[in-house]
Every structure is written in structure tokens, then in C-alpha cells.
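Good morning, and thank you for coming.

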Amino acid sequence: MRHINGVYTQRYNKLKRTDGPLFRGRYKAILVEADEYLLQLSRYIHRNPIEMKWPLVTSLDQYPWSSYCAFINEAEPPKWLAREMTYKMLGDHECYKGYKRFVLQGNSKDVVDFYRHNLGQILGSDTYKAFICEQFLADAAIRTVSQERRPDLTIDEVVNSVADFYGVDATSLYLSIRGLSEENEGRKVAMYLCQEMLDSRLVSLSHVFNLSHPGSVSYVTSKVRQRMLNDIKFALRVNRLRRQIIDQAT
């Protein structure tokens, strides 16, 4: 998915002489609590064609690029489509009609809020989230990117790796655009990794990232460090990116 979001987008833009992202954001894999939340996620996916700002169809059974019709037994399911687990979670003896009724009820507020407000990478109850963090992510909360300097790397190499990771054009990470820069996580992470991994001075980085003062770089990187201490999933994301950069350079 990273290859499609990054390399394919760059190739497409080069051939078509366009610029900017081709897909809507980077690929997002989430951890889902079984049964209730997984069933709701199935409904959320099937309702996408009519939940958009400009719906693609007026009725879900009109949308051809979906498994919904197979789930309600109005189309022949492909051999690879597994429906039994969904029916079992639904617990309705009329599995086809029961699933149709369930989907037509509309999405739950929890799932809508999760995607609309980008509430993380774990979809489930508070108890489930606490269990996952305690069992698997406890150490990550206190780990930050170590000061492993790689003077053999260049700023462009780091920025290009960050751009591929986030599925954006590298140019967008260098530009300082008022308003948009506040939401550009990749730009902030790129500054942070350039400071952490390279022998780069704040003055140099401020010029590279088109900032008016070296203190702006220091402010951004300190915010990234603070977020890594408070946001486990963000810390894991930055550490994974850093490891990818190191692996590519060795």
C-alpha cells in the first residue's frame, strides 16, 4: 500500500504532468475489537457509497463495486468472499434479510466519529484499548527516537522517505503554507527526523523548510517529542519510519 500511495503517485504525476496526492490520504490499517465493532465496521464499509457528501448511488444495491449484494444474497459471491463470520456475529437466523436490516439502520456514532475525527488506530471499547496498550504498547510510551546520527544521509533522502511513508509529494513537506502547515504531520516529522538523524544545524533546517527563524524548527521538533511521549500510536509510527530510513541507508 505504501508503494501504491507513494511510488505509483509519483509515476502518475510525472506521466500526466500533475502534482499532489492521487489518493485520499495514506493507507490506514486499524486494530478492531471482534464481534460488535467488527460488525459495525462491515456496515460502515458497505454504506460508504451513500454516506459521501455526494452519494454515488441512491440505493446500496445499485453500487457494482461492493460485496453488499452478495451479503444480502442478491448476487453470486466470489469464491474468496467470507461471509459466515459476519452472519455469526449478527446472530440473526435470517442471515441475508438480517444483514440487510442491520445495514439499512445506519452507522453507529462510535464508528462515524472514529473515522471522521481520526481517533487513532484502535477501534473498540475503552476496556479493549486499555488492554492492548497495557499488553503490547506499554514500552513504546516511554521510548522516543534515539539520537542515532547518520551524516551519510541527506535531507532530501529523509524528506523523500517521509513523503513516501505519508503518501504525499515531497514538495509539500518543504513548503510553509499558513494554516495547512499546522495539520501537516509529515512536515513536522520530517523536520524532527532531520534534526535527530543528521548533523544539521537549526539555521540550515529553517532555510530548507522555508521558515523565517531557526527557533521555529526547535518549536516544531519539541512538539513532536512531546506528542511521542503522550501518543503511543504516534510514537510507534515515527519509530517505524525512522527504522525504514535506517534500513534503506544500510
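In which helix is isoleucine 4 found? Isoleucine 4 is found in helix H1, residues 2–16; helices here are DSSP runs of H or I with at least four residues, strands are runs of E with at least two, and both are numbered from the N terminus. Please note that this is a predicted model, in which local features need pLDDT of at least 70 and side-chain atom pairs count only at pLDDT 80 or more, while totals for chains, interfaces and linings use all residues. Residues are numbered from 1 along each chain as its sequence is written, and side-chain values use heavy atoms, with hydrogens and water left out.

The protein chain has 14 helices and two strands. Of its 250 residues, 39% are buried, where buried means under 20% relative accessible area, exposed over 50%, and partly exposed in between, with a 1.4 Å probe and protein chains only.

Isoleucine 4 counts as partly exposed because its relative accessible area is 37%.

What does phenylalanine 209 touch, leaving aside residues up to four places away in sequence? Its contacts, meaning heavy atoms within 4.5 Å, are Val159, Leu173, Tyr174, Ser176, Arg187, Ala190, Met191 and Cys194.

Helix H11 spans residues 185–197 and also holds glutamate 196. Is glutamate 196 buried or exposed? Glutamate 196 is classed as buried because its relative accessible area is 2%. Its side chain is joined to that of arginine 225 by a polar contact of 2.7 Å. A polar contact is a pair of N or O atoms within 3.5 Å; within protein, one must be able to donate a hydrogen and the other to accept it, and residues adjacent in sequence count only if both atoms are side-chain atoms.

Finally, helix H6 covers residues 109–116, and its buried residues are Val111, Val112, Asp113 and Phe114. These pack against helix H2 (36–51) and strand E2 (122–123).
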